Protein chains: 4
Amino acid sequence: MTTSYNQIAGQSVERLAALSDGIFAVAMTLLVLDLRAPAAEAVHSERDLWRALVALSPRLVMYMMSFLTLGIFWVGQQTQLNHLARSDRSLSWIHLAFLFLVSITPFSTALLAEFVRYRSALLVYWLNIALLGATLYLSWVCALGAGLVKPDLPAEIQAAIKRRIVMGQSLYALGALLCVFLNTYWSIGFIVLVQLYYAIAPRIPGRRRT
Amino acid sequence: MTTSYNQIAGQSVERLAALSDGIFAVAMTLLVLDLRAPAAEAVHSERDLWRALVALSPRLVMYMMSFLTLGIFWVGQQTQLNHLARSDRSLSWIHLAFLFLVSITPFSTALLAEFVRYRSALLVYWLNIALLGATLYLSWVCALGAGLVKPDLPAEIQAAIKRRIVMGQSLYALGALLCVFLNTYWSIGFIVLVQLYYAIAPRIPGRRRT
Amino acid sequence: MTTSYNQIAGQSVERLAALSDGIFAVAMTLLVLDLRAPAAEAVHSERDLWRALVALSPRLVMYMMSFLTLGIFWVGQQTQLNHLARSDRSLSWIHLAFLFLVSITPFSTALLAEFVRYRSALLVYWLNIALLGATLYLSWVCALGAGLVKPDLPAEIQAAIKRRIVMGQSLYALGALLCVFLNTYWSIGFIVLVQLYYAIAPRIPGRRRT
Amino acid sequence: MTTSYNQIAGQSVERLAALSDGIFAVAMTLLVLDLRAPAAEAVHSERDLWRALVALSPRLVMYMMSFLTLGIFWVGQQTQLNHLARSDRSLSWIHLAFLFLVSITPFSTALLAEFVRYRSALLVYWLNIALLGATLYLSWVCALGAGLVKPDLPAEIQAAIKRRIVMGQSLYALGALLCVFLNTYWSIGFIVLVQLYYAIAPRIPGRRRT
């Protein structure tokens, strides 16, 4: 019996982490690439420039939101990879699918920045986030199923990682739903609040688990 | 006798892996950079935006195909590098040639996305893939010839890596040939199927080696 | 009591360093992306080309200034990360905020290059630098407070890192102030001098501590 | 006496290598970004597309030349960093200057591709290469002077690294000079030959040291 290529391919967690860091770094920096300096022809005084900068600020908020999104998923993926003893081909491909979704985040961000009042733009953006969550959840289930996690991993950490993704995605879906009943600004505001909560994670008095 | 520069240059597998991960990360993210949000002037309603997004979807498929291509070659190169004990100057340069081909993949993808019905565009795209396969094969032959692989590498793994490249490239060539007898859509469909097979690698019942 | 996700997330200093190096690398290279070759239509002789290149040189100086800025902050962040034993979620998020500011540096640089005589452009640029300094200072205070630094770190190094940021930021603020009393060219000249001082750090005779 | 910030900053060779790999990866991939697919309006048949692709080929050669250039300097820098035990602030800054020159290589390449017959474009390109060589030479002299190289480094390797840079730069200068007596095509041809020689490094019979 011959050794299969698939048994030896894609085993390095370090390389997967390095590729992920690279793709996150490029995607996070490209987000801001669409933020262009105002055209010189339209600016004749300090006041014109201030006005042009103020006009740019909604776009800046949108890019911060996407930077937050990518930051949250980077922390999430990193937490999983830290607990892996090794990878295999299937897991590498689930993470590559995850990274494809990371790489199109600049597109869905630019779409939402351009068409901020359109529900279709918001739904595309939410779909992007939802698929990021789904692939990340799938990768954890597969890593557990294939026995790729470090042997000393406590069962409660396994559950905590799943619970976090389900909780976060429920809140994002709720936010996206708001655009059906109210409008896209409510959705964006709600999603930003959820993201800030996850990024800052204030310790609520009287609760032990954050 | 003086020590030659060529004997001491390019020996670090880690640096080669880091440069490769960087170039793959940038190329994979730049692929999607050509996917632009529709022009705001052409969109006046939700329906306009949906239509514009649907019109973008063939491009999205093309970029997914190239992401798959780069993902397959990333897994392939990584598998080789994992089995190397060290590198040398010649091997580094073969991998740099491989990385040059990686860096022009966004160009040949954009070309095919723009001219999807033209055989010349498909041939350029296939040539890109074929040269990627050829340099990867060459790098493995050289690594084996120069004794750079880890000493405990079983002979069957050496063969499995070669076999995989030859098999994959034969299927790609067959796919490219389809555009001569049928048309470019058949070629693209066939290549995507081959790539999905390699990415998902379903275990066929009754076969031991996948 | 369940294990909290927040207790296990974002602990890897290596991954944080890798993401940082990636974002710095992309931002530093994108800076120069705005430096475009002159239009072929406007160039009919060697003299035309020389003139066009000379006309580009103020932009080149501006990009060198931003490369210096990012270089200084890269060295600063690296110095901190080298002294960390581990990271935690809060610290990761402070560094992500720092990296967001790194990723918008190409924007504020392009803004200043385009509107070099406008105080608003200079203030945006200075605000970018000031926030970079503030997040870097905050990250060090948090790392010390949460006990994340290596146990053998001498107290004087803790102080040296803080002192350097405060000193540098005071000089930058002074430079930015110059544009109120004089003009933006004085500010830019002063800031470049401060940066060159930090990059070259000449050893002044008669002083022990540089 | 207080510990100086400058004594503790910039000591990690690993971080310097990671930043370098990132900047090289982005610069090498951005090179090809200027290679745009032909405009769809100008292409009405397979023949049109072939012609447009053939018209692109001189540009492709130019980008291959710059990829070779960056590849040669990447191998050169990597060889130095591999022999370092640690870095210090001064050495980090010399390498940052080197990386700035790497990051402007896409600009000087695009300039030469656009103005291939102009001596000024060729001189800018050569100046870029010459400064890359000068900073790399300087970094090695400083590393040796400050005792940063690994203690077991044989003296002949120290000399081999210097000799290689001097020899390469002399050949590049000779190539650049050709444009004064002949024309820029001779210069480019000569430089490409020198680069291919360094990349392929054929073993000349009868010579022991390559």
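Helix 2 of chain B is mostly covered, with 18 of its 19 residues buried, where buried requires 20 or more other C-beta atoms, placed from the backbone, within 10 Å of the residue's own. This is a predicted model, in which local features need pLDDT of at least 70, side-chain atom pairs count only at pLDDT 80 or more, and totals for chains, interfaces and linings use all residues. Residues are numbered from 1 along each chain as its sequence is written, while chains are lettered from A in the order in which they are written.

**Helix 2 of chain B**
- Helices are DSSP runs of H or I with at least four residues, numbered from the N terminus.
- At 1.5 Å a residue, helix 2 (residues 13-31) of chain B should span 27 Å, and its end C-alpha atoms are 27 Å apart, which agrees; the expected span is 1.5 Å times one less than the number of residues.

**Contacts between chains**
- Chain B places 38 residues in contact with 36 residues of chain A, a contact being two residues whose C-beta atoms, placed from the backbone, lie within 7 Å.
- On the side of chain B that touches chain A, two or more residues each come from helix 2, helix 3 (46-82) and helix 7 (155-181) of chain B, and helix 3 of chain B gives the most, with 12 residues.
- No contact joins chain B and chain C, whose closest C-alpha atoms lie 8 Å apart.

**Relation of chains D and B**
- A rotation of 90 degrees with 0.0 Å of shift along its axis superposes chain D on chain B (RMSD 0.0 Å), by least squares on C-alpha atoms of residues with pLDDT of at least 70 in both.
- The two copies are thus related as by a four-fold rotation axis.

Conventions
A residue is buried if 20 or more other C-beta atoms lie within 10 Å of its own, exposed if 12 or fewer, and partly exposed in between; C-beta atoms are placed from the backbone.
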